[in-house]
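Hi,

Here is the structure I promised to pass on.

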Amino acid sequence: MNKIFRGVDGLMLFLYLLIALFGIANIYSVDSSSGTKQFIWLLISLTVGTSTFLVRPKFFENFAGLFYLFGLCLLTGVLLFGSYVNGAKAWYRIGGFSLQPVELAKISTALMLANYVDSPNFNIKNNQSLGIAFLIIFIPIVLILLQPDVGSILVFTAYFIALYREGMTGWLFIIGFYFAILFLTSIWVPSWIVILILTLLLFLLLFLLRKKIKWNQHFNILFIIVFVLISSVISLSSPFIFEHLPKHQKERILVLYEGEKKYRDTAGYNLLYSKTAIGSGGFWGKGYKQGSVTAGKFVPEQQTDYIFCTVGEEWGFVGCTLLIGLYTCLIARIYYLAETQKSAFSRVMGYSLASILFMHFLINIGMVIGLFPTVGIPLPFFSYGGSSLLGFSLFIFIFLRLNYSDKNSLI
């Protein structure tokens, strides 16, 4: 057994365990029963994760397609047989056991994407290859959209970071981010004002670049017209789409513009008390199990998506900084190891894992402090949830196994 684990990356494993144990301590502070269950789930996760070291890496490559189909079947099945939780039909309920299939779908999608990128026929500069890679990502996104689980859809965009590492143009990120900002802005600002500003900015840009643009080679006037038209359609349709969202989703977005106090009895309630808890912790925090907001159960389901406010109240600025530092080190370590991999399969798996962790980390903490709308995004290894902990742990151990094999390969 010692020989098997001799080549395992100790720093990555240590950071993972430290975050998970710190999470259990905070969950236990909110609810002792949930803390005990989470510890049991950690033991199960470690057992399942350890077993991956008995599997040859080629197994993950050879059966990537089968895993992907299994993940899609789970996502399809939950639409038929799943249970509603917080407005999304995203959970299987079997007796007292609950499973969120999207956690396993994250791994299966990463395996399929890595397997395709590693295939001899893949060329990131070829539109057909890029289209197939996009299709691998978008099929589960469509199934998740039908639940609907907006938070998980945002997380699945992390796979594009892996494709960017493999050579995909960065303009797709810029355009995607631009359209997202345009959609959110048009909810609050009248569409005609948004379109007018965009048109003026575009003409200003063309004027400034008039001497550098080679119209016959690098700049197509048709592209400009289509881009403005698409922007206008998004801006005009944004208020219409917003008005047809469920009430609780509309209020979650409006909280960003109007503040949580106006919606303190509905969508802004969690955020209001979350900010109160974090702010009351000060620099050093109130002490373990000494948080008044936590003890008073003011934040519903605080042990899950809003667990970070417990850290802020009980451990203060120091505790929050420590936790953010641990996540930063873990994600950076995975990116570093991914970059050192010899095979594209292992590299894409590493980039997918690190990017998904980054998206979860960014959105969850941004949500808790009011920078993002409230969505169902747990803090990896930290929030209470068996399927989340098991899924992320399995992902971690698969990459640890791939990295171990890569470092011991003679090729």
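**Loops first, then helices**

Phe381 is buried, as its relative accessible area is 2%. Keep in mind that this is a predicted model. Phe381 sits in the loop between helix 17 and helix 18 (386–407), and its phi is positive, near 70°, although the residue is not glycine.

Lys289 also has a positive phi without being a glycine, at about 65°. You'll find Lys289 in the loop between helix 14 (269–280) and helix 15 (292–295). Lys289 counts as partly exposed, because its relative accessibility is 42%.

Pro148 belongs to the loop between helix 7 (127–145) and helix 8 (150–156).

On to the helices. The axes of helix 16 (residues 308–339) and helix 17 (residues 344–368) come within 9 Å and cross at roughly 160°. Since angles over 145 degrees count that way, helix 16 is roughly antiparallel to helix 17. The crossing is left-handed. The residues in this contact comprise 17 nonpolar, 3 polar and 2 charged. On the helix 16 side they include Tyr327, Leu330, Ile331 and Ile334, while helix 17 brings in, among others, Leu353, Leu357, Phe358 and Phe361.

Cheers

Note on methods: Residues numbered from 1 in each chain as written. Predicted model: local features only at pLDDT ≥ 70, side-chain atom pairs only at ≥ 80, totals over all residues. Heavy atoms only, no water. Axes fitted to C-alpha atoms, helices over the stretch in contact; angles between N-to-C directions. Helix = DSSP H or I, 4+ residues; strand = E, 2+ residues; numbered from the N terminus. Parallel < 35°, antiparallel > 145°, perpendicular 65-115°, else oblique. Left-handed = near helix turned anticlockwise from the far one by under 90°. Contact = heavy atoms within 4.5 Å. Nonpolar A, V, L, I, M, F, W, Y, C, P; charged D, E, K, R; others polar. Buried < 20%, exposed > 50% of the residue type's maximum accessible area, 1.4 Å probe, protein only.
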